[in-house]
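Subject: Structure for you to look at

Hello,

Here is the structure I said I would send, with the sequence alongside.

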Amino acid sequence: MTNDFVAALEEAAQLLAQFATCASSNSRKWNGVAYAAVSEQRFDPNAAIWSSKLSAIAELLSGQEAPISDRQAKYLSRTLFGGMSSLNDLQIDEAHVGPQAAAVNEELDRLRSVLFDQFRCAFPGSDVLPGRS
């Protein structure tokens, strides 16, 4: 896999990581100098799971020196681009986490397209990829 593919995985993981913790309106966080107020943040368990999963995939791929095997490619294809429960299926719920969900979903869509295009280029003519809607 290319460095760009790994970078896109890491970017998606970082985007979702903001929903992996929660903070109430009166929470404070150490900023290196003092405890500073933080904005309210709702926890999204699916975002937390996907942030962790994408980080792990990126870490494994970046450390792998051999080409990706067909079995690994099929796993990545199912996990990232398959049907239900794949990354393709993930949407951050605006009713749950607030208005920033819309912008996050747009960016997530962009990153999914980048990942899909790069994956398709890495495995041209392969039967590894499912259809993309």
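Below is what I found, starting with the overall layout and ending with a few single residues.

Please keep in mind throughout that this is a predicted model.

Overall layout

The chain holds 5 helices and 2 strands. Read from the N terminus, the elements come in the order α-β-β-α-α-α-α. Of the 133 residues, 35% are buried.

In soluble globular proteins, nonpolar side chains tend to be buried together. The largest nonpolar core here consists of 32 residues, and L9, L16, L54, L61, L80 and I92 have the most contacts inside it. At least two residues of this core come from each of α1 (3-17), α2 (45-63), α3 (70-81) and α5 (100-122). The biggest contribution is that of α1, with 8 residues.

Apart from neighbours within four places in sequence, L54 is in contact with L9, A12, A13, L16, L80 and L87.

A12 belongs to helix α1. Its relative accessibility is 1%, so A12 counts as buried, the limit being under 20%. Beyond residues up to four places away in sequence, A12 touches L54 and L111. A12 and R110 are 98 residues apart along the chain, yet their C-alpha atoms are separated by 9.6 Å.

S51 sits in helix α2. It is a serine that counts as buried, at 8% relative accessibility. Not counting residues up to four places away in sequence, S51 touches A13, L16 and A17.

How the helices pack

Two helix pairs are worth a look, and α5 is part of both.

For α1 and α5, the axes come within 10 Å and cross at roughly 160 degrees. An angle over 145 degrees counts as roughly antiparallel, so α1 is roughly antiparallel to α5. The residues that make the contact are D4, F5, A8, L9, E11, A12, L15 and L16 on the α1 side, and V104, E107, L108, R110, L111, V114, L115, Q118 and F119 on the α5 side. This crossing of α1 and α5 is left-handed.

For α3 and α5, the axes come within 11 Å, with a crossing angle of roughly 155 degrees. That angle makes α3 roughly antiparallel to α5. Here the contact involves A73, L76, S77 and F81 of α3, together with R112, L115, F116 and F119 of α5. The crossing of α3 and α5 is left-handed.

Most residues other than glycine have a negative phi. S85 is not a glycine, but has a positive phi of about 75 degrees. With a relative accessible area of 60%, S85 is exposed.

Is S86 buried or exposed? At 2% relative accessibility, S86 counts as buried. A polar atom of the S86 side chain lies 2.7 Å from the backbone oxygen of G82. Leaving aside neighbours within four places in sequence, S86 is in contact with W50, R78, T79, L80 and F81. One of these contacts, L80, is among the core residues listed above with the most contacts.

A residue in another loop

C22 is located in the loop between α1 and β1 (28-30). C22 is exposed, and its relative accessible area is 60%. C22 and D44 are 22 residues apart in sequence, and their C-alpha atoms are 8.5 Å apart in space.

That is the end of my notes.

Regards

Methods: Residues are numbered from 1 along each chain as its sequence is written. This is a predicted model: local features need pLDDT of at least 70, side-chain atom pairs count only at pLDDT 80 or more; totals for chains, interfaces and linings use all residues. Side-chain values use heavy atoms; hydrogens and water are left out. A nonpolar core is a set of buried Ala, Val, Leu, Ile, Met, Phe, Trp, Tyr and Cys residues joined through side-chain atoms within 4.5 Å. Buried means under 20% relative accessible area, exposed over 50%, partly exposed in between (1.4 Å probe, protein chains only). Helices (H or I, at least four residues) and strands (E, at least two) are DSSP runs, numbered from the N terminus. Contact means heavy atoms within 4.5 Å. A polar contact is a pair of N or O atoms within 3.5 Å; within protein, one must be able to donate a hydrogen and the other to accept it, and residues adjacent in sequence count only if both atoms are side-chain atoms. Axes are lines fitted to C-alpha atoms, for helices over the stretch in contact, and angles run from 0 to 180 degrees between N-to-C directions. Angles under 35 degrees count as roughly parallel, over 145 as roughly antiparallel, 65 to 115 as roughly perpendicular and the rest as oblique. A crossing is left-handed if the near helix is turned anticlockwise from the far one by less than a right angle, and right-handed if clockwise.
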